[in-house]
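I am keeping these entries as I look through one structure, writing down what I checked and what I found. Sequence and structure come first, and my notes follow.

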Amino acid sequence: MSAGIDQQDIKREKILEASHQRFLHYGYSKTTMNEIAGDLSMSKALLYYYFPDKSELYMAVMRKLANDYLQLLEDKIGHFTNLRDAFLFQVNTHHDFIVTNYNFFDFVRLNEQNLPDTIWTIVNQIRDAETRLLSQAIQTEAQKGTIRPIDNPAEIVDVFLDALHGIKVGAMQKKVNFPKKEHLDEIHNKRLLLIDIFVKGLK
């Protein structure tokens, strides 16, 4: 029985990988279940056995991406030599993740005013992990005496993450949260500048 379960898990992982590549290159709206089944040399009926519709498949891929991202964060908690490195890691890792998977997130861009609860749950999990990562770094530096004591590091991190999220570029409309690809580097550079301002303010 376990061998059968293992085979199902392997097949499910292959579906998620193939779907990620298809969503990554063509976006959610231009991808069909037929195309994904074709990429896998699998019948559409078998694909639907694992995932009843495209939206459920997309959410499963998003959860997998999020879990990989969360693991990156968790593995680094408590492993920074200084506070700036911790903040740099968070900003650079987030930037690289968005750039690498930009086309995948077309569903988010097109539906950002009406996102399903599943996506908000994932967003909150990532936010919590980023908060733990940076709060631990602040606590460590405070204990070493390189920055002043902080009563509530999570509150400080919350302000920092809100500030990162609020950074826009001149060409962006204020009501739009998900930037165009050509704006990502400019936003990233502004966030790097914010790190220096923020870290200096904690000393």
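**Entry 1: D68 and its partner**

I began with D68, which counts as partly exposed at 43% relative accessibility; here buried means under 20% relative accessible area, exposed means over 50%, and partly exposed lies in between, with a 1.4 Å probe and protein chains only. I then looked for its partner and found that K64 forms a salt bridge with D68, the closest N and O atoms being 3.7 Å apart, where a salt bridge is a side-chain nitrogen of Lys or Arg within 4 Å of a carboxyl oxygen of Asp or Glu. K64 and D68 are four residues apart in helix α4, so about one helical turn separates them. Helices in these notes are DSSP runs of H or I with at least four residues, strands are runs of E with at least two, and both are numbered from the N terminus. I also noted that E17 joins K64 and D68 in a network of salt bridges.

Before going further, I recorded that this is a predicted model, in which local features need pLDDT of at least 70 and side-chain atom pairs count only at pLDDT 80 or more, while totals for chains, interfaces and linings use all residues. Residues are numbered from 1 along each chain as its sequence is written, and side-chain values use heavy atoms, with hydrogens and water left out.

**Entry 2: other salt bridges**

The side chains of R127 and D162 meet in one, at 2.9 Å from N to O. Because R127 lies in helix α7 (residues 117-144) and D162 in helix α8 (residues 153-166), this pair ties together parts that are 35 residues apart in sequence. R127 is partly exposed at 23% relative accessibility, and D162 is partly exposed at 43%.

E141 and K144 form another salt bridge, again 2.9 Å from N to O, and both lie in helix α7, three residues apart, which is about one turn of the helix. Is E141 buried or exposed? I found E141 buried, with a relative accessible area of 5%, whereas K144 is partly exposed at 48%.

**Entry 3: the nonpolar core**

Next I turned to the inside. The largest nonpolar core has 62 residues, and those with the most contacts inside it are L57, Y58, F87, F104, F105 and F160; such a core is a set of buried Ala, Val, Leu, Ile, Met, Phe, Trp, Tyr and Cys residues joined through side-chain atoms within 4.5 Å. Helix α4 (residues 54-76) gives the most to this core, with 11 residues. I wrote beside this that nonpolar side chains tend to be buried together in soluble globular proteins.

Which residues does Y58 touch, if I leave out those up to four places away in sequence? I listed F23, Y28, F104, F105, F107 and V108, taking contact to mean heavy atoms within 4.5 Å.

I also checked S19, which lies in helix α1 (residues 2-26) and is buried, with a relative accessible area of 0%. Apart from its neighbours within four places in sequence, S19 is in contact with I36, L57 and V61.

**Entry 4: aromatic rings**

A search of the whole structure gave 17 aromatic pairs. Rings of Phe, Tyr and Trp (its six-membered ring) pair if their centres lie within 6.5 Å, and planes under 30 degrees apart count as stacked, over 60 as edge-to-face and the rest as tilted. F104 and F105 form an edge-to-face pair, 5.4 Å centre to centre with 80° between the planes; F104 is buried at 0% relative accessible area, and F105 is buried at 7%. Ring pairs link a cluster whose members include F23, Y28, Y58, F104 and F105.

**Entry 5: the whole protein**

Finally I stepped back and counted nine helices and zero strands. Buried residues make up 42% of the 203 residues, and the C-alpha atoms fill a box of roughly 60 × 45 × 25 Å along the principal axes. Among contacts between residues at least 6 apart in sequence, 72% join residues at least 24 apart.
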